Amino acid sequence: MASSCAQLCLRCRSLLSSKTSTLTWQQSTQIRHCTAVSRVPNKILNGSSFISGNHTTTRARQIWKQQTCYYSDFSTKHLETEAKEYKHTEELLRTDVVPYKSPLLPIRDAAPVTENQMSLDLDAAAEFSALEEISNEEAVALSVPTALPPASTSLRDYVDKSETLTKLVQLGVNLWKLEQRPNVGSMLLRLNFNTDVAPRLLFLKGIGVEDSRLGYIISHNPFILIENLENLQARVNYLKSKKFSSETVVSMVSRAPYLLNFSVKRLDNRLGFYQQQLNLSASSTRNIIARLPRLLCSSLEPVKENLKVPHHLIVKFPQVLNTRYLRVKERHLFLQYLGKDQYDPTQPNYISLDRLVSLPDETFCTELALATMEDFCLFQKTL
């Protein structure tokens, strides 16, 4: 900014000098002309000519004096203005101009480096030299991190490199099944066996889960490995407070791996739902849940549909609640079409709900409906 102002002032100064030179040249030309006129020889023949000659000379002198005074006044004013502008420009240069600093130089003043510091730095650099020979003992003591494959679509490529995956395979965990689920494979690779996996396994063993069931539980519910241990213990304590025995709790956890992933509030709501919908006592509710613990984990939508079955039969065969409603409906209507929908155990040709919902289609047709699989398929198309 200051340099721009200084350049502008210098440019104005040159313009004024050029104008002054032009005016001076014009005035000097006019003076020469007047002088030349005054020096022209007059051939006077009479007094009138002499008078006119003197008048011309006097007029030229007056013009010269006026122009000389004008030029002197103009020069004086110009020089005064120029001096003021030059002084102002110098003040701007002294006050506004910021000294230039190279961007390559540090902003802060660097502390001087002593010879001792330089020698220490050189010694540290020499200590990590790749060309230095080390002893066999030092070579054995070096810890080299295990290199994992950069990317893979299967956990099989990581088993030999990951302690966690190796121990899980030894427990009987089905890694092939787990890697089909989104984000589970990457989650397992991030786990540390000693700090993440081992404490959860010890917890399950502490409540009584057998070693042979650990692989089954983790294969179906790997997220138990990242559950808070205090939350797991709180859920076990809640089930015991509802008078489920320790053996029953272990059996429920072993058969329903997701049971301990649900909060105490959700477990309490599910127990209350079945007790109210089926008009059961607390003891009967515990009996049904102990026989089918997955009722606490599964969705309530199919359960609400299956509640249309007689409740006294559901109490005897709670597995009906955990079956797809369409499956129960199709088989019941097919038996009803054949006149064999007899679910009273005191009557002949009795068909238990347990077998109704659990048998495969072919066995259901041949043993319960006494029909062919083709007949059952044709009937399903009419629904």
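Q: Contact means heavy atoms within 4.5 Å. With that in mind, which residues is leucine 155 in contact with, leaving aside its neighbours within four places in sequence?
A: They are Leu165, Leu175, Glu179, Gly185, Leu188 and Leu189. One thing to know before we go on: this is a predicted model, where local features need pLDDT of at least 70, side-chain atom pairs count only at pLDDT 80 or more, and totals for chains, interfaces and linings use all residues. Residues are numbered from 1 along each chain as its sequence is written, and side-chain values use heavy atoms, with hydrogens and water left out.

Q: Why is leucine 155 called buried?
A: Buried means under 20% relative accessible area, exposed means over 50%, and partly exposed is in between (1.4 Å probe, protein chains only). Leucine 155 has 4% relative accessibility, so it counts as buried. This leucine sits in the loop between α4 (136–141) and α5 (163–171). Its C-alpha atom is 8.7 Å from that of leucine 189, 34 residues away along the chain.

Q: What makes something a helix here, and how many helices and strands does the chain have?
A: Helices (H or I, at least four residues) and strands (E, at least two) are DSSP runs, numbered from the N terminus. By that rule the chain has 19 helices and zero strands.

Q: How do you know where the predictor is confident in the chain?
A: Look at pLDDT, the predictor's confidence in each residue, from 0 to 100. Its mean is highest in helix α10 (residues 229–241), at 97, and lowest in helix α3 (residues 115–127), at 45. Over residues 67–72 the pLDDT is below 50, and this stretch has seven contacts in the model beyond near neighbours in sequence. Residues 82–126 also stay under 50, with 13 contacts beyond four places in sequence. Where pLDDT is low, the predicted coordinates should not be read in detail. For the chain as a whole, the average is 74, and 63% of the residues score at least 70.

Q: What makes a set of residues a nonpolar core, and which members touch the most others in the largest one?
A: A nonpolar core is a set of buried Ala, Val, Leu, Ile, Met, Phe, Trp, Tyr and Cys residues joined through side-chain atoms within 4.5 Å. The largest has 74 residues, and Leu188, Leu204, Leu259 and Phe364 touch the most other members. Helix α8 (residues 193–207) gives the most to this core, with seven residues.

Q: Why does threonine 285 count as buried?
A: Its relative accessibility is 5%, below the 20% cut-off, so threonine 285 counts as buried. Threonine 285 lies in helix α13 (residues 282–291). Beyond four places in sequence, threonine 285 touches Leu271, Gln275 and Leu280. The buried residues of α13 are Thr285, Ile288, Ile289 and Ala290, and they pack against α11, α12 (264–277) and α15 (311–316).

Q: Why is the pair of tyrosine 337 and phenylalanine 379 called tilted?
A: Rings of Phe, Tyr and Trp (its six-membered ring) pair if their centres lie within 6.5 Å; planes under 30 degrees apart count as stacked, over 60 as edge-to-face and the rest as tilted. Here the centres are 5.5 Å apart and the planes meet at 35°, so the pair is tilted. This pair links distant parts of the chain: tyrosine 337 is in helix α16 (residues 325–338) and phenylalanine 379 is in helix α19 (residues 373–382), 42 residues apart. The whole structure has six aromatic pairs, and Phe334, Tyr337, Phe364, Phe376 and Phe379 form one aromatic cluster.
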